[in-house]
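Hi,

Here is the structure I promised to hand over. Have a look first, and my notes follow below.

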Amino acid sequence: MRVIVTGARGQLGTDVVRLLDMQGEIVYAADLADMDITNAQSVESFFHAHPADAVIHCAAYTAVDKAESEPELCRLVNETGTQHIARAAEAAGAKLVYISTDYVYPGEGTQPQSEDTTPAPRNVYGRTKYAGELAVQQCSRLFILRTSWVFGLHGNNFPYKMLSLAKTHDSLCVVNDQVGSPTFTEDLASLICRMIRTESYGTYNVSNEGFCSWYDFAETIFHKANLNITLKPVSSEAFAAAADRPRNSRMSKDALCKAGFERLPRWQDALDRFLSRALMKES
Ligand SMILES: NC(=O)c1ccc[n+]([C@@H]2O[C@H](COP(=O)([O-])OP(=O)(O)OC[C@H]3O[C@@H](n4cnc5c(N)ncnc54)[C@H](OP(=O)(O)O)[C@@H]3O)[C@@H](O)[C@H]2O)c1
């Protein structure tokens, strides 16, 4: 199989490229320097030079708080850039995987949200990612994966931030009223690589199993890493991040199961695998 991976040097893209390589697929890894997705000509040329059977679209503007002050750039990458990718993938007759987010959901209540929940994003990033979902609807072989709280060995993410803050702080305030599910890039990449070999097209919620707050996540990171940090729970209002975030990021995985895909492992198990390598890299 010949596969184009956008955002190939991002935290998810890196693991997708590596896994496809290991599985013996022909991988066309593209990051900003190879193909600027905001430039239609650049996308057209890359697709022309690299005929593909599948496209895994991991490139995105992902700075959720910064997006509030640069909405045009965020929209250009996440909506216009995705339009270009969708058009090129369809013209090539390729399957397309679009990586979306739990931030498309309204995030009210406490029940897990299903793929049928009407999207109502609360921030600029979420709105542009949902606009990206609408842009890919023109594609006939389409997988939309809504994922959440992504962490991997190659990128900026919450566990790395906690480990880094632990070097200079004895105590930390962490938000405890946003509840969702962490997602390890290696587990997500493995599901994506299984999916592209099927024709089970559709929209799926995908994350590691189990729910926690950011506070619970931080507590578990420090416990597993044997770090003695005093944690103080704070509300989203008190934390005052630039972007509003849903309090309820719980997602149901019924669609995934119905389509015959295995659920991802529990988030604590994923965190163990992440930490064993992240801490080894540090030492
Ligand atoms: N991170 C999360 O918590 C999270 C949660 C839910 C969903 N997602 C979604 O999951 C996907 C992967 O996220 P991630 O965490 O792996 O993101 P990431 O690490 O920020 O990687 C995004 C990649 O996109 C590239 N990119 C940005 N603008 C581009 C452009 N104009 N043309 C080509 N490439 C461009 C970036 O390159 P540069 O580094 O050179 O800018 C980077 O390599 C994204 O679709 C994201 O929206 C992420």
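How do the residues of the lining of the second largest pocket divide into nonpolar, polar and charged? Five are nonpolar, two polar and two charged (Ala, Val, Leu, Ile, Met, Phe, Trp, Tyr, Cys and Pro count as nonpolar, Asp, Glu, Lys and Arg as charged, and the others, Gly among them, as polar).

Before the rest, some housekeeping. This is a predicted model, so to speak of a local feature I need pLDDT of at least 70, and side-chain atom pairs count only at pLDDT 80 or more, while totals for chains, interfaces and linings use all residues. Residues are numbered from 1 along each chain as its sequence is written, and side-chain values use heavy atoms, with hydrogens and water left out.

Back to that pocket. Its volume is about 170 Å³. A pocket here is an open set of points on a 1 Å grid over the protein atoms alone, where a 1.4 Å probe fits, with protein on both sides within 12 Å along at least five of seven lines; lining residues have an atom within 4 Å of a point. Points are joined across faces, edges and corners, and the volume is the space filled by probe spheres set on them. The lining is Ala40, Val43, Glu44, Phe47, His48, His84, Arg87, Ala88 and Ala91. Helices and strands are DSSP runs, of at least four residues (H or I) and at least two (E) respectively, numbered from the N terminus.

Now the strands. Four of the five residues of E1 (residues 2–6) are buried, so the rest of the structure largely encloses this strand. Buried means under 20% relative accessible area, exposed over 50%, and partly exposed in between (1.4 Å probe, protein chains only). E1 pairs in the parallel sense with E2 (residues 26–30) over five bridges, and the chain gets from E1 to E2 through helix H1 (residues 11–22) in a right-handed β-α-β crossover. Pairing needs at least two DSSP bridges between the strands; right-handed means that, with the strands pointing away from the viewer, the path from the first strand over the helix to the second runs clockwise.

E1 also pairs in the parallel sense with E3 (residues 54–57), over four bridges, with Ile4 opposite Val55. E3 in turn pairs in the parallel sense with E4 (residues 95–101) over four bridges, where Leu96 is the bridge partner of Val55. E3, H3 and E4 make a right-handed β-α-β unit. Both faces of E3 are covered: Ala54 and Ile56 are buried on one side, Val55 and His57 on the other.

Helix H4 (residues 124–136) is mostly covered too, with ten of its 13 residues buried. From first C-alpha to last, H4 reaches 19 Å, close to the 18 Å expected (1.5 Å times one less than the number of residues).

Most residues other than glycine have a negative phi. Trp149, however, has a positive phi near 45°; this residue sits in the loop between E5 (142–147) and E6 (150–151) and is buried at 8% relative accessible area. Ala240 has a positive phi of about 55°, lies in the loop between H8 (236–239) and H9 (254–258), and counts as exposed at 56%.

Cheers
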